[in-house]
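Trainee: I have a model open and would like to learn how to read it feature by feature. Could you walk me through it?
Mentor: Gladly; let's look at it together.
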Amino acid sequence: MTYTVQNIDSISQLAFDSLWEDCKTVVENETFPYAQKGYTKETVFILINSLDIKFKVQKNNIDIAVLAGNKDNNKINIGPALFGNDSQGSKSWLYDVDYWSAIREYTTSQSCLGYGGEVVKNSSAYNMLIRIYNNSLYPNSTLEETNTRTQGNITTTTIWFNHN
């Protein structure tokens with residue numbers, strides 16, 4: 001499969017809405033559990049367009065992801081991310097070594113030595129990232145968890161794929 005990663009200046013409302021529909025339940029319930037219900041979509045749209053680093057990933061010329069963040073100690077720290085379905089209506093690409101190789105190449109092209117971001121512990125995103133590492137899908141990296149904190153009954157942690 002062919003994955004293309006490219007910087008974007010912003011995401012249009014139309015492109016955002018398309019990806020949002022594929023992942024809104026997870027984003028609203030797991031990624032931004034503190035957000036006031038009904039405002040999560042608008043908050044994520046504004047965040048993506050306001051952060052320093054914004055990029056999209058295409059699989060066979062179809063947008064499957066938009067991610068945004070900033071540089072943090074020579075690492076790309078992803079904030080909001082939208083993960084959409086591919087042409088087969090699947091997100092199985094999240095477990096494709098070629099996808100993660102493209103992310104690593106992009107990270108390196110941004111002069112960064114790691115990739116990661118804050119996730120809710122034991123959420124779908126957290127469990128996915130642990131599986132990615134355990135199955136060696138993000139190439140030539142070590143996993144690091146930092147900044148674990150608990151607020152109420154929600155524990156967050158930052159997961160980094162540090163390049164070897």
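Trainee: Let's start with Lys75: is it buried or exposed?

Mentor: This is a predicted model, so every value here is computed from predicted coordinates. The general idea is to compare a residue's relative accessible area with a cut-off: under 20% is buried and over 50% is exposed. Lys75 has a relative accessible area of 16%, so it is buried.

Trainee: Where does Lys75 sit, and which residues is it in contact with?

Mentor: Lys75 lies in the loop between β3 (62–71) and β4 (76–83). To see what surrounds a residue, set aside its neighbours within four places in sequence. For Lys75 that leaves contacts with Asn70, Cys112, Gly114, Glu144, Trp160 and Asn162.

Trainee: What about Asp72, and where is it found?

Mentor: Asp72 is found in the loop between β3 and β4 as well. Its relative accessible area is 27%, so Asp72 falls in between the two cut-offs and counts as partly exposed. Not counting residues up to four places away in sequence, Asp72 touches Asn77 and Trp160.

Trainee: Where is Ser123 found, and is it buried or exposed?

Mentor: Ser123 is in the loop between β5 and α4. At 6% relative accessibility, it counts as buried.

Trainee: Which residues of helix α4 are buried?

Mentor: With a helix, list the buried residues and then look for what covers them. In α4 (residues 124–134), the buried ones are Tyr126, Met128, Leu129, Ile130 and Ile132. Their cover includes the helix α3 (97–109) and the strands β5 (114–120), β6 (141–151) and β7 (154–163). After α4 comes Ser136, with a positive phi near 55°.

Trainee: How many disulfides are there?

Mentor: The test is a distance between cysteine sulfur atoms, with a cut-off of 2.5 Å. By that rule the count is zero. Burial is a separate question: Cys23, for example, has a relative accessible area of 9%, so it is buried.

Trainee: Stepping back, what pattern does the chain follow?

Mentor: Read along the sequence, the pattern is β-α-α-β-β-β-α-β-α-β-β, with four helices and seven strands. The radius of gyration is 15 Å, close to the 15 Å that the globule rule gives for 164 residues, so the chain is as compact as a globular protein of that length. Along its principal axes, the C-alpha trace spans about 40 × 35 × 30 Å.

Trainee: And which totals describe the contacts and the surface of the chain?

Mentor: For contacts, take pairs at least 6 apart in sequence: 61% of them join residues at least 24 apart. For burial, 45% of the 164 residues count as buried. The chain exposes about 8,400 Å², and carbon and sulfur atoms supply 46% of that area.

Conventions
Residues numbered from 1 in each chain as written. Predicted model: local features only at pLDDT ≥ 70, side-chain atom pairs only at ≥ 80, totals over all residues. Heavy atoms only, no water. Helix = DSSP H or I, 4+ residues; strand = E, 2+ residues; numbered from the N terminus. Rg over C-alpha atoms; globule rule 2.2 N^0.38 Å. Buried < 20%, exposed > 50% of the residue type's maximum accessible area, 1.4 Å probe, protein only. Contact = heavy atoms within 4.5 Å. Areas by Shrake-Rupley, 256 points an atom, 1.4 Å probe, with all protein chains shown as cover.
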